[in-house]
Amino acid sequence: MLAIAALVFLIVAAGVVFTVVRYRSRGKTVEPRQIFGSRKLEMLWTVTPLVVITGLFVVAVRAMVAIDAPQDSGRQPDLVIIAHQWWWEARYPNGVVVPWDIHIPASRRLLARIESADVIHDFWVPELARKMDAVPGRPSYIWLEADTPGTYAGTCSEFCGAQHAWMRYRVIAEPEASFEAWLKMEARGMFNDAPAADERLFIGKCGQCHDLALGKGPSLAHLASRETLGGGVMRNTPENLMLWLTDPQAAKPGNRMPNTPLTAEERRTLFGYLESLR
Amino acid sequence: MTSWLFAIDHKRVGILYMLSALLFFLAGGMEAMVMRAQLAAPNLRLVTPETYNQMFTMHGTTMIFLVAMPVLTGFGVYLVPLMIGANEAALPRLGALSFWLQLFGGVLLYFSFATGAAPDAGWFSYAPLSEKAFSPGAGLDYWALALLMIAGGSIGSAINLIVTIASGRAPGMTMRLVPLFVWMTLVTSIMIVFALPALAASLVVLLSDRWQYARFFDPSQGGAPLLWQHYFWIFGHPEVYIVVLPAFGMISEIIPVFSRKPIFGYPFVATSTVAIAFLSYGVWVHHMFAVALGRNFLAVFAAASMLIAVPTGTKIFSWIATMWGGAIRFTTAMLFAVAFLLEFTIGGLSGVAFATVPVDWQVTDTYFVVAHIHYVLFGGTVFALLAGVHYWFPKFSGRLLDEKLGRWSFWVIVIGFNTAVFVQHFLGLMGMTRRIYTYPDLPWFGTLNLISTIGAAILVFGILLFCVNIAMSLFFGAKAGDDPWNAWTLEWATPSPPLLQNFAQIPEVRSRRPLWDLKHPEAPDWMQV
């Protein structure tokens, strides 16, 4: 593809450069021979590109068939990925829901369903899958496959409002066994049956949005073990986490989190609780 | 002053179009510079995300609707009657009304800044982001109402041009003999008449969603967000050719004159333009390849999109063949025309990459697209326009532009433009998505973006040189005379600038180059073809 493009450009550039150098007027005042065209040449440079693009089209269609997942297979997806303004969540068949970090088993081709909760977003992990728009009310499917275990960067690739820039997430591909172990552990849920005081405060102050059953905001499970906050907008440091608790609009301007009135005491308690979520 | 305000003469209206476009070009350029400054390094916070989103929305909307379309319309309105040997446009009052609609649309759009609610959903304003639920401010309303006025103006001037070309040609000038700029303006005008109503209709639908709870694009109420994309791009892709074809027409006039040869293969160049116009209505889904629309459906649009490269390519070859064997004079106009050939080819080739669906599935909505459109619209349209300004300015003003300053501005613009935009291909391939107000410090991102920003600053300097040249030459330029380039089309048979009545005597036309026939009675074109 690149080679063809480079070749065509070289042909055109060589033609232009040669012509303008060779046929400079150099002060001549006599008009050159007047040539009006040549059917043969014109046909040649119409048909040749036609042949090139026909070849390109065949290659393109073959690649499409190889890459694209069926949209109407009726098969249960291996995971559902939902885009929000401005965060991501992944839902697994056993009911596990996680934000931001999407875990998958390596070396297995997964059928992923892409959905949107609000406006149009786009799921893009360049190394693992084709780009796919997340259109509200219109789920679509992709093959998601990592050949080797590792961490792969993903981002939103359709303009979706104020914080389109910071919807950066990770897809973590693990060997089958450790993926299963992770999934089982996640299934236990985030909250304890008998919550301690700090957990009760969290549920009371933050639970309206950050409770997964409601799904208004991202879950904060494992917050302390994330590298970044807010989809990459800042590193996950104690100061930055405190900033989120104090003034979320300063941390990520335009995001959907309102400034919640908290006493200094409550803020410290919540900070300690969030830092304990590993 | 009032003679300009109430002008209906096609030449005055044409100049008004061009001046307003220049004004908005500077505004759109400033918006681009705000973006380039914000992107100069990772994690900058020079402007808020909201401001940045307003900048790229206004930059795109301005450059397409308030610069490219009006300036090309301006050239068309000014030149078409002169080139076809007519004394005036067919519908002069419609022509003037169209300009003022266009201008007030632009003023309305920019007034939104004063209210603090400039539109910020992109020049394409995808639903449902553009719906009230997600864009509650008045910005989108300004945007839609302004574009409605502009669409009306564009359609009006297109009708004026069509009627002028159909009814105003000098005796003997059949459609096979009209200059290629007129041909391409005709095709463009017909495209406008068919494409802009799609935009106008979708804007009305969007406004009724926003104000009357119509729910056309709201999925929670049975609406379909994708409907907007189909509506918008069925206008939006022909639009690309609407702002490129008249530029092709300019190149087709300028290259022959400065190569001292007729255009190579006139029928092919004219017919391929019609082919582009037809195909351009069948390619809009290539803006939506990343939506799951079904493989066969996409393949059809991929084929049409690739096919459009063929009639475009034949033009490039025709222009090179025109220069071949000529006696090329490197005026500033010709320099821009030759640079156009190379820059536009780069944009055309990256366009074929997007038509190749699997490539699009990776690089769409990245900086690769940003690079592509700028090579097409700046490397293509703007370079052709700069060639056109240097070529026709003597006719418009009676004075020549300064060649030395012209050459300086040419090289600064070429270096600035390519520095700013070429690296964006790499950024796109490395995964930098477009329309992001900042980016993390990933390898190379900061360096390449800084290079791009420096290039943009150089480009601004080049554009300023060009503006200085215009302003200086307007007052101090050498007198041009009627026909400074020894050209062949009828506009050069009039005084510079032409009088209110273009032609004292309507010339009779027997070939595509009436002035060649006049200057070479021993070997006129009509004896050869």
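N486(B) is partly exposed, with 15 other C-beta atoms within 10 Å. On this scale a residue is buried at 20 or more other C-beta atoms within 10 Å of its own, exposed at 12 or fewer, and partly exposed in between, with C-beta atoms placed from the backbone. N486(B) is not a glycine, yet has a positive phi of about 55 degrees. It lies in the loop between helix 16 and helix 17 of chain B; helices (H or I, at least four residues) are DSSP runs numbered from the N terminus, as are strands (E, at least two).

The model is predicted: local features need pLDDT of at least 70, side-chain atom pairs count only at pLDDT 80 or more, and totals for chains, interfaces and linings use all residues. Residues are numbered from 1 along each chain as its sequence is written, while chains are lettered from A and ligands numbered from 1 in the order in which they are written.

Y213(B) also has a positive phi, near 55 degrees, and is a residue other than glycine. Y213(B) is exposed, with 10 other C-beta atoms within 10 Å. Helix 6 itself (residues 180-212) bends by about 30 degrees at V193(B), and P197(B) follows within four residues. The bend is the angle between axes fitted to the seven residues ending at a residue and the seven starting there.

Two cis peptide bonds were found in chain B. The bond from A127(B) to P128(B) has omega near 0 degrees. P128(B) sits in the loop between helix 4 (92-114) and helix 5 (139-167). The bond from S496(B) to P497(B) has omega near -10 degrees.

Technical notes
The expected span of a helix is 1.5 Å times one less than its number of residues.
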